[in-house]
Amino acid sequence: MSSILSIQHISKSYGPIQALKDVSFDVPEGCVFGILGPNGSGKTTMLGIVLDVLLADVGNYSWYGGMEHSTARKQIGALLETPNFYHYLSAFDNLEINAAIKQRGHDDRDQVLKQVGLYERKDSKFQTFSLGMKQRLAIGAALLGNPKILVLDEPTNGLDPAGIAEIRELIRQLNKQGITIIIASHMLDEIEKVCTHVAILKKGTLLLHGPVDEVLLSEDQVEVRADNTAQLQQALEAMPGIKKIKLNDNTLQLTCDATVTTAQVNAYCTGMGITLSHLLLRKKSLETKFMELTNQ
Ligand code: ADP
Ligand code: MG
């Protein structure tokens, strides 16, 4: 996957508050990229910078390997703040006003309403919509002009669980249509299920980034026990791919490379003449990891 957005060494302060500290990461084309972190960690500031709404103090970024920003901007649909829709106007008419303000996507309204699942309700007044439908229309407004990239800031804020599920499903659908999606959120559990890549920020510092699978796999833990703990520990210390061994009562907790499987651990021990009485893979959920990293 080639990178559609490359962020290099970006720092930004508001007076004495340093909102971003030397942040660098790449967003691969076709992914759902989650910029995650507690409130105040610098997510909105980062989106503002890459959308040319804010200026970075230090560092730079490039879309599509260096495309001119104004050209790149035409390929990006953004939802940073909820648009002010008129309650007494229909979904269709609200999109017309939005298209006029943005000067793009006037002919896209039917298409966009289909994409966000509101085509059947195109003539209904905005005020008759559920929270999830209102937010889907807001995402629809960001889709005017047929962007290849969609940037969403806290798209599930203020939604009920049903609305959150709708948005998650919509993000999945849009990504399937080939749109790269960048989402900032402090509600990790809500978007964990849709992100393929993450960058985790805390107080402006990038703690970790990469494909969700790798971020999690690199932290897999395998638990093992055998009758002779000391002998088991000695044997495993020599096993390739095991990065750390921690003794907890009479259980050994192994931190392994992503390539190490429980079957390999078992076969290795058997080969060393040790019979395991316990073998368990503990996958860290992204949420657990996030909580640990951000000390929430
Ligand atoms: P997030 O979106 O992760 O909640 P923000 O990017 O909004 O974080 O904010 C990062 C930090 O910068 C916070 O400490 C916030 O209070 C501060 N900040 C954001 N915008 C401004 C501003 N316009 N003036 C002063 N401080 C700001
Ligand atoms: Mg924010």
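**Ligand shell and pockets**

Modeller: The shell around ligand 1 consists of four nonpolar, six polar and one charged residue. This is a predicted model, in which local features need pLDDT of at least 70, side-chain atom pairs count only at pLDDT 80 or more, and totals for chains, interfaces and linings use all residues. Residues are numbered from 1 along each chain as its sequence is written, chains are lettered from A and ligands numbered from 1 in the order in which they are written, and side-chain values use heavy atoms, with hydrogens and water left out.

Colleague: What makes a residue count as polar here?

Modeller: Ala, Val, Leu, Ile, Met, Phe, Trp, Tyr, Cys and Pro are nonpolar, Asp, Glu, Lys and Arg are charged, and the others, Gly among them, are polar. Glycine 40 is in the shell, and therefore counts as polar.

Colleague: How do you know which residues are around ligand 1?

Modeller: A residue is near a molecule if one of its heavy atoms lies within 4 Å of it. The residues around ligand 1 include Tyr14, Ile17, Pro38, Lys43 and Thr45. Helix H1 (43–50) and strand S2 (17–28) each supply at least two shell residues; helices (H or I, at least four residues) and strands (E, at least two) are DSSP runs, numbered from the N terminus. H1 gives the most, with three residues.

Colleague: What makes a space a pocket?

Modeller: On a 1 Å grid over the protein atoms alone, a pocket is an open set of points where a 1.4 Å probe fits, with protein on both sides within 12 Å along at least five of seven lines. The largest pocket has a volume of about 460 Å³, the volume being the space filled by probe spheres set on the points.

Colleague: What makes a residue part of its lining?

Modeller: A lining residue has an atom within 4 Å of a point. The largest pocket has 24 of them, with Ala78, Glu81, Pro83, Asn98 and Lys102 nearest its centre. H3 gives the most, with five residues.
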